[in-house]
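Me: I would like to learn how to read a ligand site in a model. Could you take me through one, giving the general idea before each case?

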Amino acid sequence: MLFIVSTPIGNLKDITLRALETLKAVDLIAAEDTRHTKILLDHYQIATPTTSYFEHNQVKKADYLLGLLKQGKNIALVTDAGTPGISDPGYVLINLAKKNAVPMTVIPGPTALIAALSLSGLPTDSFIFEGFLPVKPAARRKELEQWKGEKRTVIFYESPYRIAKTLKDIAEILDDPYVLCARELTKKFEEVVEGRANELLQHPAITKPRGEFVVLLNLRIKDI
Ligand code: SAM
């Protein structure tokens, strides 16, 4: 059986009892970065063997893991943070397992976009998640153009290296909307900064960014 297991997005205590039981019980853990996952496993004294399953080996490795699953092995799939398949490896293996009628289940838990959304105070009734925006400026700007008139809360992931450039593009293309940036969620330096995109460009969290960000915006909000 394949177990799709969510792991913490920062704070190691954010793991479910089912996740711990599963990681202990399976034959093998397929992890995005085995060294990173080892920190979690050591913390909870879990000695299950691990193997790597990451973006650049996922097609080949999915075949290998499928072979093991067909032999009756139990495998847990984890990534470095949060929920497998959410802007992370997982899709190829999960899709292959499904096509081959391998039994699967999910052990749900943290995911940064939902943590940020629930903390944001923005409308949660309807939202869209865009993953990571394109790295190339022209493609990124084209994507932002498509958000004009969007009524739902928009959520995406952004790196500290690009956050300022992205906010600048957002201010220009989307008429300086209300934006909320959540960084280091569940960690020591958790911080939420919000305001007009142009205002945020002056904020130390953006001028000297550290940690990864979840960015949310809602074009319907006029007054903060
Ligand atoms: N699978 C993960 C999930 O379920 O959220 C997402 C993995 S994606 C490769 C990593 C991105 O998620 C980061 O660049 C950042 O945008 C966001 N992220 C992950 N952990 C975060 C945290 N503790 N605080 C803020 N953003 C986080």
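Me: Where does the ligand lie relative to domain 1 and domain 2?
Reply: Domain bounds come from an automatic or database domain assignment; here domain 1 (2-107) and domain 2 (112-217) both contribute residues to the shell around the ligand, so the ligand lies between them. This is a predicted model, in which local features need pLDDT of at least 70 and side-chain atom pairs pLDDT 80 or more, while totals for chains, interfaces and linings use all residues. Residues are numbered from 1 along each chain as its sequence is written, and side-chain values use heavy atoms, with hydrogens and water left out.

Me: How many residues surround the ligand, and which are the closest?
Reply: A residue counts as near if one of its heavy atoms lies within 4 Å of the molecule; 19 residues surround the ligand, the closest being Thr-111, Ala-112, Tyr-157, Glu-212 and Phe-213.

Me: Which atom of Thr-111 faces an oxygen atom of the ligand?
Reply: A polar contact is a pair of N or O atoms within 3.5 Å, and a side-chain N or O atom of Thr-111 is 2.6 Å from a ligand oxygen atom, whereas a polar backbone atom of Thr-83 is 2.8 Å from a ligand oxygen.

Definitions and conventions
Polar contact = N/O pair within 3.5 Å; in protein donor to acceptor, adjacent residues only side chain to side chain.
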